[in-house]
Amino acid sequence: MKSISSLIVIFLLVQQVNAQICQSSKELEALPGKQIDAAHWEWPQEKAHWFDELGTAANKATANALLTRIESLEKQSRANYNLTGCVLKTAFSGKAPAMMAGKYPLASYDLNMGCYEYICVKNKMKVNGEYQIVFRAYVNRYPGLENAFSFPDEAYYYETPKKYNGQFIALNNFIKMDASKNINSGRGFYQDIPESSVKEGDRSVYMTRHWYVTKPGRLLFVPVTRKEYLEALLVYYERERLLITDKMKEIETESAGMMKDPQKYPRLYEDGKYNLVVKKARYPDWQQKIDTKKAIAQKALKENTTEWLAQPAVVKPKAETFSWKNNYGPGANDSVWIDTYCADTKEDAQKTGSFTFSGFWDNKGGAILYKYNPDYFKGSEKNPAKPYMIALTYRYVKTTLGKNLVENFTKNFDFDAIRNMLE
């Protein structure tokens, strides 16, 4: 723990930086850098509430200890690095325990170390109030890892329809992962934008390196089987049926209200008739379409072998929305646009709608669907703050400082020590 006198020295150094005369920010890049770690965060009142959402004192203590260890590892990675041109400031935060794999609660907490660069403002040196370069650690969550599918009117796709219990049907929990992210192996990094594609000195493009760390020898994600995917489609179809049934009732109720007094309000009566036709036209033959695609999935489940059904579900790599016109009358303008999401082809979208099963994409450049491995999280219900998965990210811009920091981290950070935290 640093003494009060050392904190005063840091404060005076920052004040000295701010008082320095300069002509441009470029000339400040070689000035000695500084670090304010989480233990000496500048705003104590804010620091006091970093882990409020974690609930128990035990959870807070676990989070603070682990993030402090990660912070120390980052410091060690710069043991032979000459920090210049910025002030590094570290803060922690926590999030309430959330369900993983539909069952196990995990408390999530983060580290954020921003690089606040020296800048020249009106011939005086200042420490920028914002950062472009930042190192982050995420414990028990992987940011940016999106579910494979999403749905409008999501209330119907909760485990219990229209009950906001935080869990969705299985189809909503499936994940598409790019193999280049090395998530299941826990080795190497994934970079979202190649540095070679960015011009030197371009501060408008942020590049981020991602390291996904998992328990050694354990799979955090496992493939969704064909059987699981087809069964999930059947659940989705029933939710879709419930949703559209309610939509029909709403349209009919709304139109009936407009048509209840044709003698007194003839124009409103005609508008009600029009409203009924036009809005229902957005759901053409919906019952038949659901029955048809349900039968297709049931047939695939029934007619294929156990071995075939146990193989990984490989699906269209990119979810698309197809838009097409449905004519409800003879006039040139008597049509509505229908948006159909997650269909393999426009023909499927028009014929039977969203999530029509038309075969797997094994030989067509498809993507494997994954799900969280429930066995991986066993024990978390007793200790939700225990680390089960850690993501490290380093966002930077293509400047000398940005490249030096990220390359030093990549070469010298002790990633094995992070993996050991998960054993």
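**Entry 1: one residue and its partners.** I began with Ile-418 and skipped its neighbours within four places in sequence. I found Ile-418 in contact with Ile-70, Leu-73, Val-213, Ile-390, Leu-392 and Phe-413. A reminder to myself: this is a predicted model.

Entry 2: Next I looked up the largest nonpolar core, and it has 45 residues. Ile-418 is among those with the most contacts inside this core, along with Ile-70, Tyr-109, Phe-135, Leu-392 and Tyr-394. Which elements supply at least two residues each? I listed helices H3 (57–77), H10 (400–412) and H11 (415–420), and strands E2 (86–100), E3 (104–121), E5 (133–139), E8 (207–213) and E14 (390–396). Apart from this core lies another, of 36 residues, including Phe-149, Tyr-229, Leu-243 and Ala-313.

**Entry 3: the disulfide.** How many disulfides does the structure hold? I counted 1. Cys-22 and Cys-120 form it, with their sulfur atoms 2.0 Å apart. The link is right-handed, with 105° about the S-S bond. I placed Cys-22 in the loop between helix H1 (4–19) and strand E1 (34–36), and Cys-120 in strand E3, so the pair ties together parts that are 98 residues apart in sequence. Are these two cysteines buried or exposed? Both Cys-22 and Cys-120 are buried.

**Entry 4: two further cysteines.** I checked Cys-86 too, and its relative accessible area is 0%, so Cys-86 is buried. Cys-115 has 2% relative accessibility and therefore counts as buried.

Key:
Residues numbered from 1 in each chain as written. Predicted model: local features only at pLDDT ≥ 70, side-chain atom pairs only at ≥ 80, totals over all residues. Heavy atoms only, no water. Core = buried A, V, L, I, M, F, W, Y, C linked by side-chain atoms within 4.5 Å. Buried < 20%, exposed > 50% of the residue type's maximum accessible area, 1.4 Å probe, protein only. Helix = DSSP H or I, 4+ residues; strand = E, 2+ residues; numbered from the N terminus. Contact = heavy atoms within 4.5 Å. Disulfide = S-S within 2.5 Å.
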